[in-house]
Amino acid sequence: MSLPFAFALHGGAGTIAPTHPQAEAPYHEALRAATARALAVLAADGSSLDAVVEAVAALEDCPLFNAGHGAVFCADGGHELDAGVMDGRTLAAGGVAGVRTVRNPVRAALELMYEGRCVLMGADAAERLAAERGLDIVEPGYFSTAHRLAQLREVQARRGGLAALDHDREPEDADSPHRFGTVGAVARDRHGHLAAATSTGGMTNKPPGRIGDSPIVGAGVYANDATCAVSCTGTGEHFIRACLGHDVHARMRYGQQGTFLAAHEALAQTLGPLGGRGGMVVVGRDGQIAMPFNSRGMYRAWVREGDDVRTAIFA
């Protein structure tokens with residue numbers, strides 16, 4: 001049996017200030033390029049898992065987003081990157097946290113999943129595994145950009161020891177440096193299998209060792225062929241406490257809700273009351289796509305087989 005594939009990805013959410021279309025164009029182009037990487041896999045009857053990893057790796061290589069090259073700085077002036085993947089067919093998963101030299105953390109998460117002895121691995125051990133598996137290892141400075149360094153200095157000047165999240169400015173305070181950013185993708189392949197992947201550089205000025213929701217199964221990443229695949233972006237601590245990815249799954253499996261309703265109600269009823277902000281991309285086992293967010297914008301792209309790729313930033 002062959003089913004039409006479906007795919008969606010995000011490049012972070014937040015209270016993004018509207019800009020001139022020319023300033024937004026590079027983001028749309030990058031989202032399309034990452035989607036093209038996934039479509040090349042799906043159109044060749046490849047797996048949803050390979051598709052989401054290819055798309056997220058493309059965004060990790062793009063300095064516009066807070067993952068890989070272009071990741072935000074920690075308080076110590078370094079970078080610590082997190083990523084997670086999950087295969088909806090087998091419920092196998094892998095996550096790496098706090099890596100500083102792996103060019104594409106999402107590929108390290110995939111290798112950890114294939115290795116199979118544990119689901120979540122941190123820092124030096126994850127880097128050793130990546131090197132042993134032949135992944136690209138880079139100098140820590142590879143991840144740095146002048147824009148992110150300026151963000152760090154701005155946040156430290158304004159907020160002292162407090163961390164700030166990417167892409168966000170509080171509407172009541174135009175100068176507030178709260179920003180958050182994560183990249184992620186979900187897919188259903190022609191065989192009906194689902195997968196999700198999420199990757200992030202975390203928060204500007206975050207304390208070294210902080211781990212967000214991106215590599216955590218059931219929080220920032222989740223996939224189950226019985227229901228859906230989910231990738232989240234936002235205030236990570238809230239997503240962890242909400243178990244948001246699994247909450248969408250539970251609403252579908254036990255509450256018999258559809259993809260759209262489950263995603264939107266999980267965001268509003270589970271994340272919202274905790275004070276969490278952000279969004280998610282979701283694809284259901286039926287191929288339906290949902291992309292709710294409670295911030296002003298979320299970088300996103302989506303496509304179903306036979307349709308044109310669409311991208312958006314604002315509601």
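Two strands pair if DSSP finds at least two bridges between them, and strands themselves are DSSP runs of E at least two residues long, just as helices are runs of H or I of at least four residues, all numbered from the N terminus. All views show a predicted model, in which local features need pLDDT of at least 70 and side-chain atom pairs count only at pLDDT 80 or more, while totals for chains, interfaces and linings use all residues. Residues are numbered from 1 along each chain as its sequence is written, and side-chain values use heavy atoms, with hydrogens and water left out.

**View 1. Strands β1 and β5 pair in the antiparallel sense.** Here β1 covers residues 6-14 and β5 residues 183-188, with 5 bridges joining them. Look for His10, which stands opposite Gly184 in β5. Helix α1 (residues 21-43) packs on the sheet here, touching β1, β5, β11 (297-304) and β12, where contact means heavy atoms within 4.5 Å. The direction of α1 makes about 140° with that of β12; axes are lines fitted to C-alpha atoms, for helices over the stretch in contact, and angles run from 0 to 180 degrees between N-to-C directions.

**View 2. An open sheet of 8 strands has mixed pairing.** Follow the order β4-β3-β2-β6-β5-β1-β11-β12 across the view. The edges belong to β4 (120-122) and β12 (310-314), each with a single partner strand, so one side of each is left without a neighbour in the sheet. From one strand to the next, the twist averages 10°.

**View 3. Thr227 sits in the loop between β7 (221-224) and β8 (228-234).** Beyond four places in sequence, the contacts of Thr227 include Leu194, Met252 and Arg253.

**View 4. The structure holds 0 disulfides (pairs of cysteine sulfur atoms within 2.5 Å).** Cys232 is in no disulfide, and the nearest cysteine sulfur, that of Cys228, is 9.9 Å away. Cys232 is buried, with a relative accessible area of 0%. Cys62 also counts as buried, at 14% relative accessibility.

Technical notes: Buried < 20%, exposed > 50% of the residue type's maximum accessible area, 1.4 Å probe, protein only.
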